[in-house]
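Subject: Handover of a structure

Hello,

I am passing on the structure below, with notes on what was found in it. Please read the notes alongside the coordinates.

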Amino acid sequence: MSGAAAVAVTLGLATVFGLVHRWRSGRLKEQDVRAEWDFELGERATLVQFSSAFCAPCRATRRVLAEVAAMVEGVRHVEIDAESRLELVRELNILKTPTVLVLDASGRIVQRASGQPGKADVIAALGRV
Amino acid sequence: MEIDPRGQRFSAAVTSIVLVAVLLTGSWVLLAAQAVVFAIGVFFGLRHHPYGLLYAAVVRPRLGPPAELEDESPPRFAQGVGLVFALAGVAGYSLGLGWPAITATSFALGAAFLNAVFGFCLGCEMFLIIKRVIPKSISEEVP
């Protein structure tokens, strides 16, 4: 009896969580955070991707961001292994991978997405930098 | 090692069905069998995973080759998380602790169901949080 209730509750909660997660994942949100970087910035903007070893969508995200960087003049794509830069991960409060930051020419974080962002959304975000 | 991502989703669906059966019957033997399946995935790789072998033998020949392959590390990590919950569930059921057993099994079911239906990546969500917590507490103990 209690097992059947647990099945119903678990599948219900998981469905709600899954829908909300799918809706939120990869959405770019506006930010305004100053940060110091130890890599060369793109002339116009830089796409910073935090990845990890146990991250399935990191590979697809890498492909999308590399394509955007190749397509849009003055944009660089930089991928950071989150595990090897935990102090930076804590400082920027990064909780999951992939996390994508859009930096302006001065290195200020202007957009942020948790999860894999869509190509069109990244290009649109670059238009606002 | 690269794997067919559809096989991984198939395995998650079979895992979900097995875990629902465990919750409905309260059978610790069935949960122990699922724990063994998780353990094979974790320790021997997904190439040897029983549900993956079932997928390769029965389902993939009808689907054709995959559009792209994925790294096996993320789902292998998820199998490890499943193993921990399954072992906790087996311990609970065999000791007669009803609610702890049901709770642990429910977590495993939730993760498998999210993976099967939404392609949810457990490693993406959990790995960094675990990493952020563990080395910090260790490094703070070092003078």
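Predicted model: local features only at pLDDT ≥ 70, side-chain atom pairs only at ≥ 80, totals over all residues.

Residues are numbered from 1 along each chain as its sequence is written, chains are lettered from A and ligands numbered from 1 in the order in which they are written, and side-chain values use heavy atoms, with hydrogens and water left out.

Chain B

Chain B has 6 helices and 2 strands (DSSP runs numbered from the N terminus: H or I of at least four residues for helices, E of at least two for strands). Their order along the sequence is β-α-α-α-β-α-α-α. The C-alpha trace of chain B spans about 55 × 40 × 25 Å along its principal axes. Of the 143 residues in chain B, 46% are buried (buried is under 20% relative accessible area, exposed over 50%, partly exposed in between, with a 1.4 Å probe and protein chains only). Contacts (heavy atoms within 4.5 Å) in chain B between residues at least 6 apart in sequence join residues at least 24 apart in 77% of cases.

Interface of chain A and chain B

The two chains bury about 2800 Å² between them, with 68% of it on carbon and sulfur atoms (buried area is the accessible area, 1.4 Å probe, that two parts lose on being put together, summed over both). F54(A), R59(A) and R90(A) supply 24% of the area that chain A buries against chain B, more than any other three residues. Each side is represented in the contact: 32 residues from chain A and 32 residues from chain B.

Across this interface there are 12 residue pairs in polar contact, both at pLDDT 80 or more (N or O atoms within 3.5 Å; within protein, one must be able to donate a hydrogen and the other to accept it, and residues adjacent in sequence count only if both atoms are side-chain atoms). On the side of chain A that touches chain B, the elements giving two or more residues are α1 (2-24), α2 (58-71) and α3 (86-91) of chain A. The largest share of that side, 14 residues, comes from α1(A).

Salt bridges

The count over all chains is 12 salt bridges (a side-chain nitrogen of Lys or Arg within 4 Å of a carboxyl oxygen of Asp or Glu), and 4 salt bridges lie across the interface of chain A and chain B.

- R63(A) and E68(B) meet at 3.3 Å, N to O.
- K96(A) and E125(B) meet at 3.0 Å, N to O. This pair crosses from the loop between α3 and β4 of chain A to helix α6 of chain B. K96(A) is buried at 12% relative accessible area, and E125(B) is buried at 18%.
- D32(A) and R108(A) have their closest N and O atoms 2.6 Å apart. D32(A) is in strand β1 (residues 29-33) and R108(A) in the loop between β4 (99-104) and β5 (109-114) of chain A, 76 residues apart. D32(A) is exposed at 56%, whereas R108(A) is partly exposed at 22%.

Surface patch

L95(A), I129(B), I130(B), V133(B) and I134(B) form a nonpolar surface patch with about 400 Å² of accessible area together (patch residues have over 30% relative accessible area and no salt bridge; like charges are joined within 9 Å, nonpolar side chains, Val, Leu, Ile, Met, Phe, Trp or Tyr, within 5 Å; areas are Shrake-Rupley with a 1.4 Å probe, and for residues only the protein chains shown count as cover). I130(B) sits in helix α6 (residues 122-141) of chain B and is partly exposed at 34% relative accessibility.

Regards
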